[in-house]
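Work through the exercises below with the model open. Try each task before you read its solution.

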Amino acid sequence: MEQQAAITFQEVVYETEENPIIHGISGKFNKGKITAIIGPSGAGKTTLFRLCNGLLSPSSGNILIDGKEILRYDPVHLRRHVGIVLQQATMLRGSVRDNVAMPLQLAGKELEEKEAERMMQLVGLEESILNRNSRDLSGGQKQKVSIARTLLNEPEILLLDEITSSLDRVSKQDIEILMKKVNREHGKTIIWITHNLEQAKTVADEVWVVMKGTLAEAGPIDILDQPKTDAVKRFVMEEEK
């Protein structure tokens, strides 16, 4: 049975005045799966993310979110439906509670105590941390707060952009376990940019290999064990050195 697509790219092109960045990519991210996006620096991975949640619009081609053209979504609703967590977990001044509450505050609502505690439990933090100053947190704790803040909007799709690249080994593994749990227990579709091939193999069900603005290969994660194209073979060999 064919799997449902959370996000579908149909001949998507993105170009600036200076140069083309994405060259006619077609493919899909399957619903309920963790898909890793890997590839060399400058391949267009982050641009793909910005196209996925409407921060950028394609120069040509279509993007469908759950079967609906992305341009038909209200931008606010789209960014709640497709949440993003960035490499640098930016913290606002104030407490952890203030940081987690930000999405509700922007909508003129308040974060109830039970909901704040539930979000801490969800990301594996002690409830007492809600009263701590956000600047006193470790890198791993900040990233968990950032994840909680994004999950508060209850997105169906999560975009993770190199979210463990600045963390130590233990914190990195902790976040990997957390995101696999969020995927498994809450059914979130996760699309994860990573420069770490070993991480991709550890966390992902599927993979997109992006090279020079094209989709070089895509499929189950084990295609990395036997790439079909010479370019992907070379990339995998370099990364495994």
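This is a predicted model: local features need pLDDT of at least 70, side-chain atom pairs count only at pLDDT 80 or more; totals for chains, interfaces and linings use all residues.

Residues are numbered from 1 along each chain as its sequence is written, and side-chain values use heavy atoms, with hydrogens and water left out.

**Exercise 1. Give the strand order of the six-stranded open sheet and find its edge strands.**

Step 1. Helices (H or I, at least four residues) and strands (E, at least two) are DSSP runs, numbered from the N terminus. Two strands pair if DSSP finds at least two bridges between them.

Step 2. The order reads β6-β7-β8-β3-β9-β10, and the pairing is mixed.

Step 3. β6 (82–85) and β10 (214–220) are the edge strands, each pairing on one side only. On average, neighbouring strands of this sheet are turned by 15 degrees against each other, direction ignored.

Step 4. Take the pair β9 (residues 206–211) and β10: it is antiparallel, over six bridges. Val207 stands opposite Gly219 of β10.

Step 5. Contact means heavy atoms within 4.5 Å. Axes are lines fitted to C-alpha atoms, for helices over the stretch in contact; angles run from 0 to 180 degrees between N-to-C directions.

**Exercise 2. Describe how α5 packs with α6.**

Step 1. The axes of α5 and α6 (residues 169–186) come within 10 Å and cross at roughly 20 degrees.

Step 2. The two helices are therefore roughly parallel to each other. Angles under 35 degrees count as roughly parallel, over 145 as roughly antiparallel, 65 to 115 as roughly perpendicular and the rest as oblique.

Step 3. The crossing of α5 and α6 is right-handed: the near helix is turned clockwise from the far one by less than a right angle.

Step 4. List the contact. Gly140, Gln143, Lys144, Ile147 and Leu151 of α5 meet Ser171, Asp174, Ile175, Leu178, Met179 and Val182 of α6. Sorted by class, six are nonpolar, three polar and two charged. Ala, Val, Leu, Ile, Met, Phe, Trp, Tyr, Cys and Pro count as nonpolar, Asp, Glu, Lys and Arg as charged, and the others, Gly among them, as polar.

**Exercise 3. Work out the four-stranded sheet.**

Step 1. The sheet is open and antiparallel, in the order β2-β1-β4-β5.

Step 2. β2 (20–30) and β5 (68–69) each have a single partner strand, so one side of each is left without a neighbour in the sheet.

Step 3. β4 (residues 60–65) and β5 pair over two bridges. Ile65 has Lys68 as its bridge partner in β5.

Step 4. α1 (residues 45–52) lies across β1 (5–15), β2 and β4, at about 115 degrees to β1.

**Exercise 4. Count the salt bridges, then locate the one between Arg118 and Glu115.**

Step 1. The whole structure has seven salt bridges (a side-chain nitrogen of Lys or Arg within 4 Å of a carboxyl oxygen of Asp or Glu).

Step 2. In the bridge of Arg118 with Glu115, the closest N and O atoms are 3.0 Å apart.

Step 3. Both residues lie in α4 (residues 113–123), three residues apart, about one turn of the helix.
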